[in-house]
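Let's take a walk through this protein together, one piece at a time.

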Amino acid sequence: MQEDLFKRLVSHCKEYGFIYPSSEVYDGLGGVYDYGPMGAELKNNIKEYWWKAMVQMHENIVGLDSAIFMHPKIWKASGHVDAFNDPLVDNKDSKKRYRADQLIEGEVDKIEGKLEKEVEKARKKFGESFDEALYRQTNTRVVEYAEKARTIEMRLAEAMKANDMAGLKNLIDELEIADPDSGSRNWTEVRQFNLMFSTQMSNIAGEDGKLYLRPETAQGIFVNFSNVQKTTRQKIPFGIAQIGKAFRNEIVARQFIFRMREFEQMEMQYFIRPGSEDQWYEYWKAKRIAWHKAVSPAAKLRFKDHDNLAHYAKAAVDIQFEFPFGFKELEGIHSRSDFDLRSHQELSGKKIQYFDPEINESYVPYVVETSVGCDRMFLAILTNSLIEEQVPDAQGEDSTRTVLSLPHALAPIKCAILPLLKNKDELTDKAREVYERLRFHFQCQYDEKDAIGRRYRRQDAIGTPYCVTIDFETLEDNTVTLRDRDSMLQQRVHIDQLAAIVTEKTDMRKLLERIYQE
Ligand code: GAP
């Protein structure tokens, strides 16, 4: 694990106002975080990038903003009351609580880590003549590691599928898995734990008034299928997209904003004719990976098919991203058949169907879903962007520059306006004038505190792509220096050109175009 990068990332988020632990004055609340001023901007930009790519760029995808509270029967029909569980195991000595499947996956990660070390060693030894594919197929130790990892994964998937809690416990014992904290192997039995948070409606007593905080935004889309279809007159295939909060009582919330108890999802349900699901599943896999590749290096992204399908899924694949703690799920793409719409139709007694004029038939549509966590996307973007580099300072000495090389369109602040000196009214007045003009176009920040070099570094650290400096030449000819965050090069431009130049470089359009170049 790139522990160093991860630690730097967490402290950078706090120091520059991206993310704070929730309720920090009361020592925090596990698995819950608040987004600060820079974080709120970056998160909004990620959401805008998703919304535009999905809704604005597709005439057959429309948006929705459904309520978090929904009728409790929805969660019965969706299967979440009965099947949205994780296997829980306690360590009797440390009193720590774990997810049994994650403990077992941790063992698989360890074996895969050893395997990759062998491959790296061989790569160094054989140099240019190294045939990696052949080595992976033929080296006895590598093959053994791969087989061992695969066998554990298969047994884990089988036990999860069969709800076999005793099988999971056997695996933990056989693999001699120890508590990562205390090293103790003294485990309780494994049991199921439902992940939904519940609360009570004030005017209905007892079980009937028990409400759940939604664990996924998707159900709000399913139960609005007929409303949306009728009011928008969309024809199948068409999609409904939604961004919103979801809540899960995660047994182990960890790795910062990777696994939270309150988080945000960006989900799209694509309603299709039964029988066309394989084609649309492949279509959305390709579309979604292109969306990620426009903002992340291809080498940090990969597909991983699910061995263990969620209760609603007929096929599922994750888009994994290489976080500082390894490749992990960033987005899920699921072929959900007609499971949800049919269940709601049965439990509610209301017809949820579509009349397809092309084949003159009514049916319950099938669904292919794309679901990406906004917070995980935030963490992925930061992982890509946080860089420390050696650059010459004003005296020509080497100094460390921390820069957040965010995609321009996602940067919280697009342009900083900086008077060269703070105590010269003619400079600060002119800089204010430039700020007043530019803020109509994009998010700007006016900053006059500290030496100009320190102000540049502050803007680099929050990822501002452009800094405009107002100096004495500006007062004579209305030109300013425009500094580029990544190259640190400065060019002199006229004030009248600033809005157009910065807009051109930072507009969301640029990112959207990149998706289609993939
Ligand atoms: N509607 C389908 C669904 O909810 P999921 O794979 O359980 O599928 C989708 O979740 C995405 O939501 C994940 O790929 C992940 O990005 C995000 N997500 C899930 N649980 C999360 C958590 N506890 N904290 C942060 N993000 C989470």
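Strand S4 (residues 85-90) and S5 pair in the antiparallel sense, over three bridges. Strands here are DSSP runs of E with at least two residues, helices are runs of H or I with at least four, and both are numbered from the N terminus; two strands pair if DSSP finds at least two bridges between them. Look for Leu-88, which stands opposite Arg-99 in S5. What you have in view is a predicted model, where local features need pLDDT of at least 70, side-chain atom pairs count only at pLDDT 80 or more, and totals for chains, interfaces and linings use all residues. Residues are numbered from 1 along each chain as its sequence is written, and side-chain values use heavy atoms, leaving out hydrogens and water.

S4 and S5 belong to an open, antiparallel sheet of three strands, in the order S5-S4-S6. Strand S5 (97-99) and strand S6 (191-194) sit at the edges with a single partner strand each, so one side of each has no neighbour in the sheet.

Now find the sheet of seven strands: it is open, mixed in its pairing, and ordered S3-S9-S10-S16-S13-S12-S11. Its edge strands are S3 (61-64) and S11 (301-305). S3 pairs with strand S9 (residues 238-247) in the parallel sense over four bridges, and Val-62 stands opposite Ile-240 in S9.

Next, the helices. The axes of helix H2 (residues 37-56) and H13 come within 10 Å and cross at roughly 110 degrees. Axes are lines fitted to C-alpha atoms, for helices over the stretch in contact, and angles run from 0 to 180 degrees between N-to-C directions. That makes H2 roughly perpendicular to H13, a label for angles of 65 to 115 degrees. The contact (heavy atoms within 4.5 Å) includes Leu-42 and Ile-46 of H2 and Phe-378 and Ile-381 of H13.

On a 1 Å grid over the protein atoms alone, a cavity is a set of points where a 1.4 Å probe fits but cannot get out, and lining residues have an atom within 4 Å of a point. The largest cavity holds about 70 Å³ of space, and among its lining residues are Trp-284, Trp-291 and Tyr-516. Which helix gives the largest share of that lining? H11 does, with four residues. The second largest cavity has about 30 Å³ of space, and its lining includes Leu-9, His-12 and Leu-382.

Methods
Parallel < 35°, antiparallel > 145°, perpendicular 65-115°, else oblique. 1 Å grid on protein atoms, 1.4 Å probe; cavity = no way out; pocket = protein on both sides within 12 Å on 5 of 7 lines; lining within 4 Å. Points joined across faces, edges and corners; volume = space filled by probe spheres on them.
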